[in-house]
Amino acid sequence: MAPIAASRLRLASSSATHIHSNHAHHGFLPHRPANLSFSSSTSMTGLGASVSFERRKEHSSFVETAAVRHLVGSLTRTEGLRFAVVVARFNEIVTKPLLEGALETFKSYSVNEEDIDVVWVPGSFEIGVVAEKLGKSRKYHAILCIGAVVRGDTTHYDAVANSAASGVLSAGLNSGVPCIFGVLTCDDMEQAINRAGGKSGNKGAEGALTAIEMASLFEHHLK
């Protein structure tokens, strides 16, 4: 078997030499497998990384240069702003301190007394319709609504509290003038008094700050 294998090997070598000689004679060489170059692959990877970096750079540049406007009402630009305060007489022991806190806050932030009108209504249920009327008059930049609804033994509390909230919301939406909800809805009178100048602060004063900010936002940015 060994002589046969050796003979075949010599034949294959002779054939290869003959083919190479013929190709060389006719001016071309046999096709050789392309050499794999890892540097080429590395170059493509580097190119991809470079493109990705450029895209990230462009995106970063866009974020940095984009002009994003932040519109915020001011508590100091109160000149020329006019306010109405709608106050419920019911539970006056609570609503009167709330009103006093609101008026004191308006004064502290340089709102002129002649630029504030106070309108009294029987109860919190009636606040919404009056607030909407005042808003549609276009005399005021914001309307602060003050009331106090204290839970009792019946479901009357739920009806009044819900009606007061929806009424103030509707007043603002229908008139296009900010109507601030400053109606307390408490489980008992102690909670209400605590929120009308007691240990929980004065919600009337907080409502006045909200009214000033919203009036400024509408007047200076959203006209």
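View 1. The model is a predicted one, in which local features need pLDDT of at least 70 and side-chain atom pairs count only at pLDDT 80 or more, while totals for chains, interfaces and linings use all residues. Residues are numbered from 1 along each chain as its sequence is written, and side-chain values use heavy atoms, with hydrogens and water left out. Leucine 99 lies in helix H3, where helices (H or I, at least four residues) and strands (E, at least two) are DSSP runs numbered from the N terminus. Leaving aside neighbours within four places in sequence, leucine 99 is in contact (heavy atoms within 4.5 Å) with Val85, Val87, Val118, Trp120 and Ile146.

**View 2. Helix H3 packed with helix H7.** Helix H3 (residues 92–108) and helix H7 (residues 203–220) pack at an angle of about 40 degrees, and their axes are 6 Å apart; axes are lines fitted to C-alpha atoms, for helices over the stretch in contact, and angles run from 0 to 180 degrees between N-to-C directions. That angle makes H3 oblique to H7, since angles under 35 degrees count as roughly parallel, over 145 as roughly antiparallel, 65 to 115 as roughly perpendicular and the rest as oblique. Among the residues that meet here are Leu98, Gly101 and Phe106 in H3, and Lys203, Ala208 and Ile212 in H7.

**View 3. The open sheet of 4 strands.** The strands are arranged in the order E2-E1-E3-E4 with parallel pairing, two strands being paired if DSSP finds at least two bridges between them. Strand E2 (116–121) and E4 stand at the edges, each with a single partner strand, so one side of each is left without a neighbour in the sheet. Between E1 and E2, which run parallel, there are 6 bridges, and phenylalanine 83 stands opposite isoleucine 116 in E2.

**View 4. Strand E3 and its partners.** Of the 9 residues in strand E3 (residues 142–150), 8 are buried. Strand E1 (residues 83–88) pairs with E3 in the parallel sense over 5 bridges, with valine 85 opposite leucine 144 in E3. E3 is also joined to strand E4 (residues 179–186) by 8 bridges, again in parallel, and isoleucine 143 stands opposite cysteine 179 in E4.

Notes
Buried < 20%, exposed > 50% of the residue type's maximum accessible area, 1.4 Å probe, protein only.
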